[in-house]
Amino acid sequence: MQLGAFSISLSVKNLQASKEFYEKLGFEVFAGGDEQNYLIMKNDQTLIGLFHEMFEKNILTFNPGWNQEAQEISDYDDVRKIQKSLKESGIPLAQEADPNGSGPASILLFDPDGNSIVIDQHV
């Protein structure tokens, strides 16, 4: 199963303070902006999303169809194929994609400890 680019989305209390902290760890702003209340920061192939007042908990995110540069790739597993495989494995989904759809879609599931996992396809 190819889940695509990985990032962690952090719910932050202070966007500027978090940005400055992660810059000290070698991260640079890759996308987003202060006015949008989020920043995507990158250090080599590691992506961290900083989100201010957008959600309550941290989220693990996978993006089928994207590489770590947020560029489309041609060989990937569609989110609906991933969804079907997860359901066949007995993993409950909190949000499902239309199995007959195509293009962008997402699914939501939780690991055994309650951590949110979003598989969010943009292509």
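Asp 77 sits in the loop that runs between strand S5 (59–63) and helix H2 (79–88). The model is predicted. Asp 77 and Lys 42 are charged residues, and Asp 77 counts as buried at 12% relative accessibility, as does Lys 42 at 10%.

**Asp 77**

- Asp 77 counts as buried because its relative accessibility is 12%, and the cut-off for buried is under 20%.
- A polar atom of the Asp 77 side chain lies 2.8 Å from the backbone nitrogen of Gln 2.
- The side chains of Asp 77 and Lys 81 make a polar contact at 3.4 Å.
- When residues up to four places away in sequence are not counted, Asp 77 touches Met 1, Gln 2, Pro 64, Ile 82 and Gln 121.

**Lys 42**

- Lys 42 belongs to strand S3, which covers residues 38–43.
- With a relative accessibility of 10%, Lys 42 counts as buried.
- The Lys 42 side chain reaches the backbone oxygen of Asp 44 at 3.3 Å.
- Lys 42 and Gln 68 are 26 residues apart in sequence, and their C-alpha atoms are 9.1 Å apart in space.
- Neighbours within four places in sequence left aside, Lys 42 is in contact with Gly 26, Phe 27, Glu 28, Phe 30, Leu 47, Gln 68 and Glu 69.

**Largest pocket**

- The volume of the largest pocket is about 420 Å³.
- Its lining consists of 21 residues, and those nearest the centre are Ser 7, Ile 40, Phe 51, Thr 61 and Asn 63.
- The lining of the largest pocket divides into twelve nonpolar residues, eight polar and one charged.
- At least two lining residues come from each of strand S1 (5–12), strand S2 (28–33), strand S4 (46–52), S5 and strand S7 (116–121).
- S1 gives the most to this lining, with four residues.

**Aromatic pairs**

- The count of aromatic pairs comes to five.
- Phe 21 and Tyr 22 form an edge-to-face pair, because their ring centres are 5.0 Å apart and their planes stand at 90 degrees.
- Within that pair, Phe 21 counts as partly exposed at 47% relative accessibility, whereas Tyr 22 counts as buried at 18%.
- Tyr 38 and Phe 51 are a stacked pair, because their ring centres lie 5.4 Å apart and their planes are at 10 degrees.
- Tyr 38 is in strand S3 and Phe 51 in strand S4, so this pair ties together parts that are 13 residues apart in sequence.
- Tyr 38 counts as partly exposed, with 23% relative accessibility, and Phe 51 counts as buried, with 14%.
- Phe 51 is also among the lining residues that lie nearest the centre of the largest pocket.
- Phe 21, Tyr 22 and Phe 27 form one aromatic cluster, and Phe 27 is also one of the residues in contact with Lys 42.

Terms used: Residues numbered from 1 in each chain as written. Predicted model: local features only at pLDDT ≥ 70, side-chain atom pairs only at ≥ 80, totals over all residues. Heavy atoms only, no water. Buried < 20%, exposed > 50% of the residue type's maximum accessible area, 1.4 Å probe, protein only. Polar contact = N/O pair within 3.5 Å; in protein donor to acceptor, adjacent residues only side chain to side chain. Contact = heavy atoms within 4.5 Å. 1 Å grid on protein atoms, 1.4 Å probe; cavity = no way out; pocket = protein on both sides within 12 Å on 5 of 7 lines; lining within 4 Å. Points joined across faces, edges and corners; volume = space filled by probe spheres on them. Phe/Tyr/Trp six-rings, centres within 6.5 Å; stacked < 30°, edge-to-face > 60°.
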